[in-house]
Amino acid sequence: MTASRLFLLLGACTFLFASGCGEAGSKVSGTLSNGGESLQVSDQGDLQIHFIQEQGGTLTGQTFMTSVDSSGHFEAEVPAGEYRIAVQQLDPYPNVDKLKGKFSQNKTPIKQAIQPGDKLEIDLSSYEK
């Protein structure tokens, strides 16, 4: 392979990697609460939401993560589609999940179709069994 062809191939791969595969993200926002109250973490903690993409009930392997602020507000860039939504209240980060894995990626009961501009209201108490 000549140097010019190799350079062209590397340039094409770099462009594809930089532009990403699949759809562009859509901004979604919302609030996370438990019984109407914001979840809190200490200065050493982090409250995270993971959007795990599904297609026909099967996980695609695409996950989008965002942190939640102290008022329970979050914003994320995710492509439109079907998602499982996992929540972790890590305090201290990353060792202790105060939700005890109940809303982890493997156990979460939260499923949501997401469209661009959606405003999600997630109250964990509505998913308690």
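The following questions and answers walk through a predicted model of one protein chain.

Student: In what order do the elements of the chain run from the N terminus on?
Tutor: This predicted model has one helix and seven strands in its chain. Read from the N terminus on, the order of these elements is α-β-β-β-β-β-β-β.

Student: What is the order of the strands in the open sheet of four strands?
Tutor: The edge strands of this sheet are strand 3, residues 58-67, and strand 6, residues 111-114, each of which pairs on one side only. Neighbouring strands are turned by 35° against each other on average, when direction is ignored. With antiparallel pairing throughout the description, the order of the open sheet is 3-2-5-6.

Student: How many bridges join strand 2 to strand 5?
Tutor: Strand 2, which covers residues 46-55, runs antiparallel to strand 3 and is joined to strand 3 by seven bridges. Towards strand 5 the direction is again antiparallel, and one of the bridges there has D46 with L90 of strand 5 as its partner. The number of bridges that join strand 2 to strand 5 is nine.

Student: Which residue in strand 3 stands opposite H50?
Tutor: Strands of a sheet pair through backbone hydrogen bonds, either parallel or antiparallel. For strand 2 and strand 3 the sense is antiparallel, and the residue of strand 3 that stands opposite H50 is M65.

Student: Which residue in strand 6 is the bridge partner of G81?
Tutor: Strand 5 and strand 6 pair in the antiparallel sense, over four bridges. Among the residues concerned is G81, whose bridge partner in strand 6 is I114.

Student: Why does the pair of F51 and Y83 count as edge-to-face?
Tutor: By the rule for ring pairs, the count comes to three aromatic pairs, and planes over 60 degrees apart count as edge-to-face. The rings of F51 and Y83 have their centres 6.3 Å apart, and the pair is edge-to-face because their planes stand at 90°. This pair links distant parts of the chain, as F51 lies in strand 2 and Y83 in strand 5, residues 81-90, at a separation of 32 residues.

Student: Which residues do ring pairs link into a cluster?
Tutor: F64 and Y83 form an edge-to-face pair, with 6.4 Å from centre to centre and 70° between the planes. F64 lies in strand 3 and Y83 in strand 5, so this pair ties together parts that are 19 residues apart in sequence. The cluster that the ring pairs make consists of F51, F64, F74 and Y83.

Student: Why does Y83 count as buried?
Tutor: F51 and Y83 are both buried, and the cut-off for that word is a relative accessible area under 20%. Y83 counts as buried because its relative accessibility is 1%.

Student: How many residues has the largest nonpolar core?
Tutor: In soluble globular proteins, nonpolar side chains tend to be buried together. Here strand 1, strand 2, strand 4, strand 5 and strand 7 each supply at least two residues of the core. The residues with the most contacts inside this core are L32, I49, F51, V78, V87, I122 and L124, and its number of residues is 21.

Student: How far apart are the C-alpha atoms of P116 and V78?
Tutor: P116 has its place in the loop between strand 6 and strand 7, and counts as exposed because its relative accessibility is 53%. Leaving aside neighbours within four places in sequence, P116 is in contact with S26, K27 and A80, while V78 has contacts that include S26, F51 and Y83. P116 and V78 are 38 residues apart along the chain, and the separation of their C-alpha atoms is 8.3 Å.

Student: Is S33 buried or exposed?
Tutor: S33 lies in strand 1, and its contacts beyond four places in sequence are with S38, L39, I122, D123 and L124. Its relative accessible area is 14%, so S33 is buried.

Terms used. Residues numbered from 1 in each chain as written. Predicted model: local features only at pLDDT ≥ 70, side-chain atom pairs only at ≥ 80, totals over all residues. Heavy atoms only, no water. Pairing = 2+ DSSP bridges. Axes fitted to C-alpha atoms, helices over the stretch in contact; angles between N-to-C directions. Phe/Tyr/Trp six-rings, centres within 6.5 Å; stacked < 30°, edge-to-face > 60°. Buried < 20%, exposed > 50% of the residue type's maximum accessible area, 1.4 Å probe, protein only. Core = buried A, V, L, I, M, F, W, Y, C linked by side-chain atoms within 4.5 Å. Contact = heavy atoms within 4.5 Å.
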